[in-house]
Amino acid sequence: MRLYWEDPYQTRFTARVTQAWSEGATHYAVLDQTLFYPTSGGQPHDTGVLGGVRVTKVLEREKGGEILHVLEAPLEAGQVVEGEIHWNRRYRHMQRHTAQHILSQAFVRAAGWPTVSVSLARPTCVIDLEADPDEGVIRKAEALANWAVYANLPIRAFFASEAEAAQLPLRRAPKVTGRIRVVEIEGWDLAACGGTHLRSSAEAGPIKILKYEKHRRGTTRVYFTAGWEALEDYAAKHTALKTVAEHFSAQPLEVPARVAKLEALLQEVRGALQETQRLLAERIVRELLETHPDRTIAALVPAVVLDEVGARLAEWPGVLALLVAPEGERARVLLTQHPERGADLRALWNAALRPLGAKGGGREVLLGALPAARAAAALEAFRKAVR
Ligand SMILES: [Zn+2]
């Protein structure tokens, strides 16, 4: 017997173990009645304690619909046990599930969008709707759903025969045959469902749509959060936004404008920096060419312009250059030449730089790094090697 259908607010129960067995370290028990909800209909299973043993998972057997309790330690058939479910976890599932019914109906009322599937496995729940995305419909459905929350509508579940159910204006056709469980949110929604629900729509609020996206062809995926989890989401986001706002000495709602301003400033600074680097590189190249009439160059350069100076030098006929750019404890190294200079860069690297611990590689340009303390020694070794 499924006690969670009788009263979804009950947390403790007594039951008799009808079957118990183990498969390796996994232990199973079936009871004559249970409050433990098995994973089904998009709603995750309960957890809790049974006869002093932790229940880690609850499954429903496809054949026969028996409920299997997965346990950390074995129980014995015939044993009478006390059970208790983790209420905090279950209540959140009830909030998610009830909010989903409310929201699915809100989409029907807003634009006739039918729900095709749901996932209530995480605090951010998912509803897939058969329609192309439409911002206006999303906003309208969210408002309608919260209206249904604040209307404090009673919720009840009852069983109907197939014939009776066929007469009801069910939002969702039953997936089971025989006795059908119907969940009614008074004046709002009727759906065939085997899950656990709240006693009033008011307990499901607030319902907040977090985002939506085009999913498969002709389907919109809507992400929402409800109840305590919506409040927690609000609190976490408020804290994050407040922290950012304090950095700007601004109000939370001023943050987007401040960030946009900062981005524009960053673009400007980037442009100015590039221009400065270009001018600096130009000047260094001119000086190096003047001070090295033989165009065999060994020099220290600032790390920010290493690549640019290397590229520009290699454009000058006759140039063979080793550039070293200290940067903290490492120094970046660049070995390059004009395409017609014809030096064996690889051989030079191996003779002068490798003994100093330089690591790196490349073809037309060799790039690498060595300990900064060996920067001067690298320049000296290079000069010797090319002499
Ligand atoms: Zn349901």
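This is a predicted model: local features need pLDDT of at least 70, side-chain atom pairs count only at pLDDT 80 or more; totals for chains, interfaces and linings use all residues.

Visitor: Start with the metal. Which residues are the protein donors of the zinc ion?

Guide: The donors are H97, H101 and H197, each through NE2, and C193 through SG. They lie 2.0 to 2.1 Å from the zinc ion.

Visitor: What geometry does the site of the zinc ion have?

Guide: The site is tetrahedral, with angles of 98 to 122° among the four donor atoms. For reference, the ideal angle for four tetrahedral donors is 109.5 degrees.

Visitor: And how are the donor residues spaced in sequence?

Guide: The spacing is H-x3-H-x91-C-x3-H. H97 lies in helix α2, while C193 is in the loop between β11 (189–192) and β12 (207–214), so this pair ties together parts that are 96 residues apart in sequence.

Visitor: Is H97 buried or exposed?

Guide: H97 has 1% relative accessibility, so it counts as buried, the cut-off being under 20%. C193 is buried too, with a relative accessible area of 8%.

Visitor: Now the pockets. How much space lies in the largest pocket?

Guide: About 500 Å³. The lining of the largest pocket is made up of 22 residues.

Visitor: Which of those lie nearest its centre?

Guide: W5, S40, V176, C193 and G194 lie nearest the centre of the largest pocket. C193 is also one of the zinc donors.

Visitor: How do the lining residues divide into nonpolar, polar and charged?

Guide: Ten are nonpolar, six are polar and six are charged.

Visitor: Which parts of the chain supply the lining?

Guide: Among them are α2 (87–111) and β10 (180–185), each of which supplies at least two residues. In terms of domains, domain 1 (3–85) and domain 2 (91–234) each give at least three residues to the lining.

Visitor: Change of topic. Where is the cis peptide bond?

Guide: The bond from G205 to P206 is cis, with omega near -5°. P206 sits in the loop between β11 and β12, and C193 is in that loop as well.

Visitor: Which residue other than glycine has a positive phi near 55°?

Guide: That is N152. N152 is in the loop between α3 (135–150) and β9 (155–160). With a relative accessible area of 46%, N152 is partly exposed.

Visitor: And what is phi at S249?

Guide: Phi of S249 is near 50°, again a positive value in a residue other than glycine. S249 belongs to the loop between α5 (227–247) and α6. Its relative accessibility is 67%, so S249 counts as exposed, which takes a value over 50%.

Visitor: What about the helices on either side of that loop? Where is E229 found?

Guide: E229 is in helix α5. At 5% relative accessibility, E229 counts as buried. E229 and T124 are 105 residues apart in sequence, and their C-alpha atoms are 8.3 Å apart in space.

Visitor: And the other helix: where does E287 sit?

Guide: E287 is in helix α6, which covers residues 255–291. E287 is partly exposed, with a relative accessible area of 42%.

Visitor: How many Å separate the C-alpha atoms of E287 and E184?

Guide: They are separated by 85 Å, and the two residues are 103 residues apart along the chain. E229 and T124, by contrast, are 105 residues apart in sequence with 8.3 Å between their C-alpha atoms.

Methods: Residues are numbered from 1 along each chain as its sequence is written. Side-chain values use heavy atoms; hydrogens and water are left out. On a 1 Å grid over the protein atoms alone, a cavity is a set of points where a 1.4 Å probe fits but cannot get out, and a pocket is an open set with protein on both sides within 12 Å along at least five of seven lines; lining residues have an atom within 4 Å of a point. Grid points are joined across faces, edges and corners, and a volume is the space filled by probe spheres set on the points. Helices (H or I, at least four residues) and strands (E, at least two) are DSSP runs, numbered from the N terminus. Ala, Val, Leu, Ile, Met, Phe, Trp, Tyr, Cys and Pro count as nonpolar, Asp, Glu, Lys and Arg as charged, and the others, Gly among them, as polar. Domain bounds come from an automatic or database domain assignment. Donors are N, O and S atoms within 2.8 Å of the metal (3.2 Å for Na, K and Ca); water is not among the atoms, so sites may look incomplete. Four donors count as tetrahedral if all angles lie between 85 and 135 degrees; four count as square planar and six as octahedral if opposite donors are over 155 degrees apart and all others between 65 and 115; anything else is irregular. Buried means under 20% relative accessible area, exposed over 50%, partly exposed in between (1.4 Å probe, protein chains only).
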